[in-house]
Amino acid sequence: MIEIKNLTMKYKNGKGVEDINITVDNGEVKGLLGPNGAGKSTTMRSLMGFLNSSEGSLFVEGIDTIENPVEAKEIIGYLPGDPQLPQNLNAKSLFKLGADMRGQSTDYAMELAEKFELEVGQSIKELSKGNRQKVAIILSVLHKPKALILDEPTSGLDPFHQRSFFEIVKEFSNNGASILLSSHIISEVEKVADSMAVLRNGVKVYDETYETFLKKAKDDDEDLEDAFFKFYDREEE
């Protein structure tokens, strides 16, 4: 389970997030939605301990991610929004390094590389953006974590490999992992999410099951994008 309680994190310019409360149960996929600047990455980076929050508590499987970061990261798979990979190493070497650090074999990583049709012998600098994203995804899940924190995970992936990615996410959720997945595209989230939380200007403005959102859109005779965009068409209160 992922628990974000009363998270507030402000940058010097006053932007950030305020009083964010989000829970992701075991086996649940929650989409974290909002345009650029809404606070999605800030929330995720705070959860991982990469940003210092001024208020709030953050737990994964009951482990405080700030007070016990090493223990927490053993069971978390994190994909940042802008993964930075060593340019001169190839994917196979990176998988070996990541697996060794976690006391794992590379079997699962190589299985995923085959699923993604990834050439593991090429150096990172030779890979396309989409293939670099595949490497970063595999690195985040090769230890089969109990929780996934995925920031804009399909960036650069073509539709075929987006499908492969969502199959992986579904496999993890079926095995009881709690998954928080950020996106700014509602049609992407509908492929896999059980629930969705929407951020606007650093504040959570919606948090319901995906079926609840879908039913409301149908009742209002709106397509999903129009229903989603309504969160940003409203007057600021």
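Modeller: Happy to! The backbone oxygen of Ile 137 lies 2.6 Å from a polar atom of the Ser 140 side chain. A polar contact here is a pair of N or O atoms within 3.5 Å; within protein, one must be able to donate a hydrogen and the other to accept it, and residues adjacent in sequence count only if both atoms are side-chain atoms. This is a predicted model: local features need pLDDT of at least 70, side-chain atom pairs count only at pLDDT 80 or more, and totals for chains, interfaces and linings use all residues. Residues are numbered from 1 along each chain as its sequence is written, and side-chain values use heavy atoms, leaving out hydrogens and water.

Colleague: Is Ser 140 buried or exposed?

Modeller: Ser 140 is buried, at a relative accessible area of 3%. Buried means under 20%, exposed over 50%, and partly exposed in between, with a 1.4 Å probe and protein chains only.

Colleague: Where does Ser 140 lie, and what is it in contact with beyond its neighbours within four places in sequence?

Modeller: Ser 140 lies in helix α5. Helices (H or I, at least four residues) and strands (E, at least two) are DSSP runs, numbered from the N terminus. Its contacts beyond those neighbours are Gly 77, Tyr 78, Leu 79, Pro 145, Leu 148 and Leu 150, where contact means heavy atoms within 4.5 Å.

Colleague: Switching topic: how many residues does the largest nonpolar core have?

Modeller: That core has 34 residues, and Phe 95, Leu 118, Val 135 and Phe 165 have the most contacts inside it. Such a core is a set of buried Ala, Val, Leu, Ile, Met, Phe, Trp, Tyr and Cys residues joined through side-chain atoms within 4.5 Å. A second, separate core of 26 residues includes Met 9, Leu 32, Ile 63 and Ile 75.

Colleague: And Phe 165, what is it in contact with outside four places in sequence?

Modeller: Phe 116, Ile 137, Leu 150, Pro 153, Thr 154, Leu 157 and Leu 181.

Colleague: Which other residue has a positive phi although it is not a glycine?

Modeller: Lys 144, with a phi of about 50°. Lys 144 is in the loop between α5 and β7. Lys 144 is exposed, with a relative accessible area of 54%, and Glu 117 is exposed with 56%.
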